[in-house]
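Colleague: I'm new to this one, and I'd like to know what the words in your notes rest on. Could you take me through them?

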Amino acid sequence: MTTPIAPDSAPATTAPTATPVIMDGPGFGPGAAGGERYRSPLLDGLNPQQREAVEYRGPALLIIAGAGSGKTSVLTRRIASLLETREAWPSQILAITFTNKAAAEMRDRVRAILGQGADGMWISTFHSSCVRILRREAEKAGLTSTFSIYDSADTKVTLKRIIKSLDADTLGFTPGNVSARISKLKNELADVDSYARNANMSDPQEVMFVEIFRQYTSRLRAASALDFDDLIGETVYLFRAFPAVAALYRRRFRHLLVDEYQDTNHAQYALVRELTRPVSRELAEEMEADGVHVRNLRDATGAIPGASLTVVGDSDQSIYAFRGADTRNISEFERDFPGTKVILLEQNYRSTQNILSAANAVIGHNFDRKEKKLWSAGGDGEKIVGYTAYSGHDEAQFVADEIAVLHQAGMAYRDMAVFYRTNAQTRALEEILVRAAVPYRVVGGTKFYERAEIKDALAYLISVANPVDELALRRILNTPKRGIGPATETQLASFAEANQITFRQAMRNAGALGLGPKVTGAILALSTLLDEAALKLDPASPASPAGPANVSELLTFLLDGSTLLAGLRNSRDPQDEARAENIEELVAQTKDFNRENPDSGLVDFLTQVSLVAAADDLDDASGTVSLMTLHTAKGLEYEAVFLTGVEEGLLPHQMSAGEPGGPAEERRLFYVGITRARQRLYLSLAMTRAQFGDINVAMPSRYLQEIPVDLIDWKQSPGMANSRGGTQPRALNARRDGFGGGFGKRDGTPPGLPPAPKPKTEWANRVTGTVRDNGDLTLAAGDRIRHVDFGDGRVNQVTGDGAKRIAHVQFDTAGAKKLLIKIAPIEKL
DNA sequence: CGTACATCTGTTTTT
DNA sequence: CAGATGTACG
């Protein structure tokens with residue numbers, strides 16, 4: 001386990017309200033920025049476009065940065081340049097990234113250039129920045145400053161309760177589809193009221209949805225909680241409702257830089273807009289009167305001009321449309337921000353030309369995009385390696401074997417990565433990698449903070465930090481078991497409801513409910529525990545003579561008092577052992593947190609925990625192969641990349657087929673995967689894949705044929721169906737045997753694809769001749785067969801029927817295997 | 001109220 | 001196949 005990276009490990013800067021920034025520092029003012037041509041080492045090694053991206057000054061700058069074009073370097077040097085020339089103080093810079101990891105990396109790199117001079121910048125994610133602002137301005141936003149942050153699981157639990165209480169499941173409402181719908185609305189900055197105004201209220205579905213949405217909103221309010229989407233939306237609402245508050249931040253952040261701009265949704269766009277608006281003369285004067293220093297910022301009209309905005313993005317890498325990301329933010333940027341300067345970075349410093357040519361060819365199939373061609377001066381490099389496996393396991397074996405070969409040749413494990421479309425694909429990969437003794441780690445996946453026991457422990461902390469959070473309270477009510485069942489829970493809830501008090505208050509008054517003495521005692525004991533914990537945080541309390549308790553002391557106190565940890569330790573369930581260890585890991589993390597953030601408290605810890613992302617816990621120092629989804633791979637790079645499961649139904653994924661723009665987004669995902677590779681790229685697919693218990697026949701992805709043939713060296717090709725331009729394509733393509741059909745649906749010949757390359761007979765024969773012709777082959781127990789790889793064997797049993805007949809074969813030398821008769825490379829003897 | 005078992009789901013990507 | 005949910009019983 002790694003320690004999560006602090007979203008904002010820079011020393012907490014004080015609120016702009018409290019510390020007016022002094023604007024007349026050395027070098028600030030006319031003459032400092034422009035003038036004589038001082039050549040800073042910041043520009044060393046940059047190409048002319050990159051240099052311009054660092055040096056350009058103006059209201060708005062759009063950097064279209066292709067994959068691997070050195071955008072992080074450009075962004076960090078741009079920040080460093082602003083600071084070094086004293087055009088800006090660190091506190092005037094707000095840099096927004098997509099993940100905490102990217103934020104941490106950027107801060108480190110700026111710090112490497114400037115040292116202490118970098119302290120005080122805000123470099124964080126959209127979500128972290130908004131939480132920081134909202135906690136400061138909580139009362140204005142109608143929240144407590146200790147508001148909870150609900151993750152999608154919390155949202156679903158809340159919705160589930162609402163749906164149940166409304167019997168809305170009969171109308172087809174599920175927590176999943178409702179949360180997706182609400183999220184989509186919030187991304188568009190809609191709330192219940194604005195939605196209800198335009199809703200068709202004669203439709204009972206619609207009425208019900210509005211009711212669910214309304215209750216969800218009020219429950220979150222009552223719990224002083226915000227969901228992920230609220231973090232952005234509420235900040236925008238805050239700025240719009242309180243121009244004076246907005247003015248403080250507009251005055252403060254003079255330079256706004258946004259990374260991965262193609263992934264911003266409408267709410268995030270609105271936030272950027274709000275932050276970069278000018279401050280009117282009237283407001284500026286008010287601020288001046290309130291003692292906020294703004295004189296140096298004001299222009300001739302007396303207003304404070306809007307902050308300068310730099311965005312970096314690449315619409316070809318937009319892979320979050322499903323989550324509301326809108327590439328119009330980038331394509332219409334020039335119109336939104338007049339006077340924009342556009343700089344294109346096309347030279348790639350990461351990958352070989354072969355890899356880039358493949359990437360260009362693939363992404364070229366998306367229409368409505370700005371033409372952009374990545375190129376490299378680094379030479380062609382090795383060919384891309386292709387491999388068609390019989391099964392997911394076979395594919396995993398190929399990956400494991402090739403990893404071994406690369407490792408033998410001197411490549412470190414940490415320089416290799418395996419990508420896949422869905423998390424479910426890890427199973428087969430992990431099985432084989434463990435057997436092959438390849439050290440690996442799954443990045444993302446089941447996240448540490450999503451484990452039930454960790455959520456339990458955190459719920460104790462949340463209950464102390466935010467006592468009105470009913471969700472957290474109800475989670476710990478009977479964890480560990482105290483004999484407080486659902487019936488009692490409901491009674492407490494209705495008691496609270498009836499008396500207009502919080503759930504927490506109801507717990508304190510448990511004696512008034514007329515419950516059994518045991519249950520009442522249990523509730524009161526928990527209630528007392530939480531009260532005592534809260535006292536420990538209060539500096540004025542006699543319970544904390546040595547000052548308020550820190551997070552780890554508090555957590556330890558709660559774990560001891562609740563016997564949560566002890567209960568797991570004493571359990572005879574072997575799984576509880578691991579759970580106890582996880583909780584101890586959490587305690588260790590709180591200690592790390594105390595050490596690294598001595599001035600931060602409970603709420604800061606909880607915030608950090610709520611906002612860690614999958615890619616954040618990536619530990620670069622570990623000498624292991626990284627396994628991750630294509631989505632988490634964005635922004636990363638490896639010497640060798642294995643892109644697995646390049647099949648129809650998986651990439652593009654089945655679910656995306658119906659969505660407008662789905663296949664195009666999946667293509668970008670494939671493109672992102674390809675462009676992560678520096679030296680070696682492996683594309684693999686499986687002809688059959690075990691899914692939901694049984695085996696399905698898969699077809700090669702349509703994207704594969706978009707890559708020019710001569711770039712791929714097929715160790716084992718998908719067969720004649722894929723031997724484009726092969727000698728006998730027509731007859732073979734006509735065959736409907738699971739593979740031929742997939743490539744029949746070509747919608748056009750990609751440009752630059754050689755019309756008739758030499759057929760790759762050696763593999764074409766092998767695969768097509770032996771693999772695909774088994775349609776009519778019947779096997780029975782007792783038959784002897786010969787397998788291309790496994791040799792001779794005896795059929796023990798045949799199961800399944802039709803296309804899914806499976807032979808259970810005992811091979812003489814290779815052991816027992818199950819083979820899909822239709823496509824296995826076998827012959828009857 | 002808690003446990004054990006049976007049944008029935010649903011399966012994309014994530015701040 | 002596995003996780004979640006529902007049911008029956010102690």
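Modeller: Let's start where 18 residues of domain 1 are in contact with 16 residues of domain 3; contact means heavy atoms within 4.5 Å. Keep in mind that this is a predicted model, where local features need pLDDT of at least 70, side-chain atom pairs count only at pLDDT 80 or more, and totals for chains, interfaces and linings use all residues. Residues are numbered from 1 along each chain as its sequence is written, chains are lettered from A and ligands numbered from 1 in the order in which they are written, and side-chain values use heavy atoms, with hydrogens and water left out.

Colleague: How do you know where domain 1 and domain 3 lie in chain A?

Modeller: The domain assignment puts domain 1 at 42-143 + 230-345 and domain 3 at 353-444 + 619-720. Such bounds come from an automatic or database domain assignment. Taken over C-alpha atoms, the centres of domain 1 and domain 3 are 34 Å apart.

Colleague: What area do domain 1 and domain 3 bury between them?

Modeller: About 1500 Å², with 52% of it on carbon and sulfur atoms. Buried area here is the accessible area (1.4 Å probe) that two parts lose on being put together, summed over both. On the domain 1 side, Ala-67, Asp-316 and Ile-319 lose the most area to domain 3, together 42% of what that side buries.

Colleague: Why is Ala-67 called buried?

Modeller: Buried means under 20% relative accessible area, exposed over 50%, and partly exposed in between (1.4 Å probe, protein chains only). Ala-67 has 2% relative accessibility, so Ala-67 counts as buried. Ala-67 sits in the loop between E1 and H2; those labels are DSSP runs numbered from the N terminus, helices being H or I with at least four residues and strands E with at least two. Not counting residues up to four places away in sequence, Ala-67 touches Asp-314, Gln-317, Asn-348, Arg-350, Leu-374, Thr-675 and Arg-676.

Colleague: And Gly-66, what makes that one buried?

Modeller: Gly-66 comes out at 4% relative accessibility, and therefore counts as buried. Gly-66 is in the loop between strand E1 (60-65) and helix H2 (71-84). An unreviewed UniProt entry lists Gly-66 and Ala-67 under "binding site", along with others including Lys-71 and Thr-72. UniProt positions are given in the numbering used here, feature names are shortened, and annotations may be inferred rather than shown by experiment.

Colleague: What makes Lys-634 and Asp-263 a salt bridge?

Modeller: The rule asks for a side-chain nitrogen of Lys or Arg within 4 Å of a carboxyl oxygen of Asp or Glu. Lys-634 and Asp-263 have N and O at 1.9 Å, so the pair passes. Lys-634 also pairs with Glu-260, the closest N and O atoms being 3.6 Å apart. Lys-634 is in the loop between helix H27 (630-633) and strand E13 (638-643), while Glu-260 is in the loop between strand E6 (255-258) and H11, 374 residues apart. Both Lys-634 and Glu-260 are buried. A network of salt bridges links Lys-71, Asp-259, Glu-260, Asp-263 and Lys-634.

Colleague: Why would such side chains pair at all?

Modeller: Side chains of opposite charge can pair when their charged atoms come close. By this rule the count comes to 39 salt bridges, and two are found across the interface of domain 1 and domain 3.
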